[in-house]
Every structure is written in structure tokens, then in C-alpha cells.
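The sequence and the model are shown first.

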Amino acid sequence: MCPVLPGKRRLVVPILLTLSVALWTAGPARAAKPDLKVGLARAKITPEGPIRMAGYGSRNKPSEGVLADLFAKAMAIEDAEGERAVLLTSDVIGYNARVADLVCGKIIEKTSLQRRQILLNPSHTHTGPIIGVPGSTGYGLEGEEAQRVHQYTAKLADTLATLAAEALADLKPARLSWGIGVTHIVMNRREFTKRGVRLGFNPRGYVDRSVPVLRVDSPEGKPRALLFGCACHNTTLGGKHYEICGDYAGFAQAHVEGQLPGVQAMFMIGCGGAANPYPRGTVEAAQQNGESLGAEVCRVASLELAPVRGPLTAALDYAELPLAPVPPREKLEELVKGPGYLAYNYRRMLEALDKGESPLTEYSAPIAVWQFGDDLTLVGLPGETVNGYVPLVEDAIGHRKLWVAGYANDDFGYLPTKKILAEGGYETRGLISDTGFFTPEAEDAVLAKVRQMAEKAGRTLGE
């Protein structure tokens, strides 16, 4: 359990959470028979020894101990017609397409689910292990260091498949409900300077501070699980930190589970590609951010929430996102001398030219939509989705009964909006797991696919 926040909150937070537990234990009065079943499973996924860590290129050595354990968790849902879907959350940086294919292939083999019924969402912690498979590891790793990453990733894929099967075997009648809180740990990081946009601190910049919470109760009102979100990079801890940790998201889950024993807390990251936690930089800040978020989750969970009922529709489709043409070789040779976050992609373009490879003209990006009757639409966008996609999706399909998550199913790199592409900055760096830069029309392709899928799944558009 995280330490109590300093100052006046030493008194306020425990009183609030005691009240939260009491109110939730009482449970809302509901007469209708639940039409959904929920199954749960969890496993520790902390690396067993030193391993190279993901998130910061400045790190030059493996991890040094464990600050807090990492976990993977599964929630399986089944409606009255037998439609099933499984959400898998985990305290790792993310899954590129090759890793996601490995994971989902194992899940499908073990459970007979279809790919559309599987939703992968990492916490995007920057103090966890690198995730990769041979040929797609990144970070310039070779030899034993690369092999350790590959072994960990293979074991993680097996664990996630087992969790999916265990969650499906655990299906029990359940009452689902949801609501939205607010957090103040999210800060826009796109700082505008005379030399352009840099990674920094922008208190006036847009962020999504919502905290969506899905509560799972037994038919008798006994709490079983809380799924919650936050649209923020999981980067309180920086490149100087070498201890394994789930950062604020891990501390938030531990805080909720400490306040509500027996409840499985699951974190699903939102569209936080252009936001960092605030404050940040220390272990104390990570614990403080986690406890603050966890306290808000418990507060929301104590309220009378809106019911979430079936039928369930789980859909997955691909948006073809256009990529900018590759510049001529002479131009590329100039561009590789520019900012490092852009030069990385330009160097790979030069390498592709040298090999005679044809450049990509578009990228197939997976988009997930889970529709719960008329009660809730969950949209899972891929990549490091920037915060600006939240109001764009709201405008596309409606503002109410909507939960928008990011980093889902394929963390290929940043997914910027037209606005950010025009402004420049780190979030315009394009594909990381492949080669290319998105054009402004990529935004249109994403929103068109979300709208098409939501309407087909049964959402009333414009709600």
C-alpha cells in the first residue's frame, strides 16, 4: 500500500476511503437479474533478474533490483447470448504488432477466442522491461541482453494466454456499472519555445483529466473488480531510475487493492501521448501520484454509478493510415542531422533505400470497439495516442457513455493529430516499430473507422 500523502491529506484521504468502502459494501439497490458474467485472473510478471529497461534511450545498463512488482491481469466478459471478450492489462511498456500477434496467437490457441474478442492494453510504464521478439527488439540490443528480452517476452505471452483462459473459466454472474472522476496529476508536456515545441511543461495545454471507472460487483453487491483509466504517460520515474516498477499506475492499483481487499484493480491507459505526470522525477512523486489517482478511483467507486448491461459487441478492424512519401536521398542525408527523435526514422529510410526496399505508403492500425447495449462504448485506439483524440472521437460519435483508451493492441509509435503535426515536436516522430511519418489525413482515417465501427456495433451516434 502506498504511503499516505503528506500534509492535510493524512486526515482527509483515510476518512474518505473508509467512507468509500462503507458505501460500496452497502451496494446499490438493483432488482434486475444481471445479464453479464465476469471472470478475473492475475499473475506477477516481475522479471526474475536484471534486464534492460524500456522507455528511455539514455539508460545504458540492466535493471538494478525491484521497487515494486509488476502484474498482468485479465477480465473476461460474457453476455446472455454467449458473446465473449477478454481485456488484458499489464505493467509493461507496450506491444508492437509482432508481439501482439504472438500474444493473441497464443490466446486464440488456448481459448478459441477470435482476435476481435481480445483487447491488449499496457500501462506504458517506463520502469519495466523492454518487450520484443527476434528482429523487433529495438534499443540496439545484441547478444545475451537481447536474448533475455526475447525470453521474457515469450514467457509473458504464455502468461497472458493462461490468464485469458483462467478468466474465462472464472465467469460468474456480475453487475457492472461505471462513472467518471477527475485527476490533477496529468500535465500537458508540449512546451512552446522560440525554437519550437519541446518536451517540457505546459500548464495551459489540453489534457484529458477524466478518470473512467468500471465497477464489477457480484449479484449480491460484493465488490470484485475495478477497472480504471488515466490519460497520461506512465513516466513519473525518469531515465536515472533502474529499479523495476509500475510507476504511478502500479501504485494506484496497489492503493485500490489495499483499500478494498479482495478486489482486482486494473489500469487501462488513455490517450496520454502528449501528457506527463505532475509532479515527476522521484519515487515519492510516483507514490504520491499513484495514491492520488487511487483515492479518486475509490471515491468514484463509492457512488451510485450508471449500469452497464448487455448485449456485448466486441469488434476489431484496421484503419489504413497514410504515410508521407520518402524524401529523396539528398534530402534524407540532411534530415538525419536534425533532431534525434526524427533522425531515427530518416536513418531507417536511408537504410531501406540502400537495401532496395519499397517504402511503406500506409500503416494498418487496429481499432477496437466494445459496445455494451445502450450503456457504454469503449474505444481502444492504437499507438501512443495523443490527448487531442479524445475530443475528436467525442465529436465523431458523441460525448456521452463513452470511454476512450489509447495504446491498445499495437504500440507502433506516436499517433498525432493534424494540429500536432502542424505544430511539430516530439509526438510527430511517427512509426517506431516500422518506418514512416503519418500525414494529416491519418486523423481522418482513424475517426472515419471509429465512427463506422461504433455505428455498426449499435451505438447511437451523436449521443
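A residue counts as buried under 20% relative accessible area, exposed over 50% and partly exposed in between (1.4 Å probe, protein chains only). The model is predicted, so local features need pLDDT of at least 70 and side-chain atom pairs count only at pLDDT 80 or more, while totals for chains, interfaces and linings use all residues. Residues are numbered from 1 along each chain as its sequence is written, and side-chain values use heavy atoms, with hydrogens and water left out.

Rings of Phe, Tyr and Trp (its six-membered ring) pair if their centres lie within 6.5 Å; planes under 30 degrees apart are stacked, over 60 edge-to-face and the rest tilted. There are nine aromatic pairs in the structure. Two of them are tabulated.

| Pair | Centre distance | Plane angle | Class |
|---|---|---|---|
| Phe412 and Phe438 | 5.7 Å | 70 degrees | edge-to-face |
| Tyr414 and Tyr426 | 5.6 Å | 85 degrees | edge-to-face |

Helices (H or I, at least four residues) and strands (E, at least two) are DSSP runs, numbered from the N terminus. Phe412 is in the loop between β18 (402-405) and β19 (414-415), and Phe438 in the loop between α9 (418-423) and α10 (441-457), so their pair ties together parts 26 residues apart in sequence. Phe412 is buried at 0% relative accessible area, and Phe438 is buried at 6%. Tyr414, in strand β19, pairs with Tyr426 in the loop between α9 and α10. Tyr414 is buried at 3%, whereas Tyr426 is partly exposed at 23%.

Ring pairs also join Phe228, Tyr248 and Phe267 into a cluster. Tyr248 is among the buried residues of α4, a helix with 10 of its 13 residues buried.
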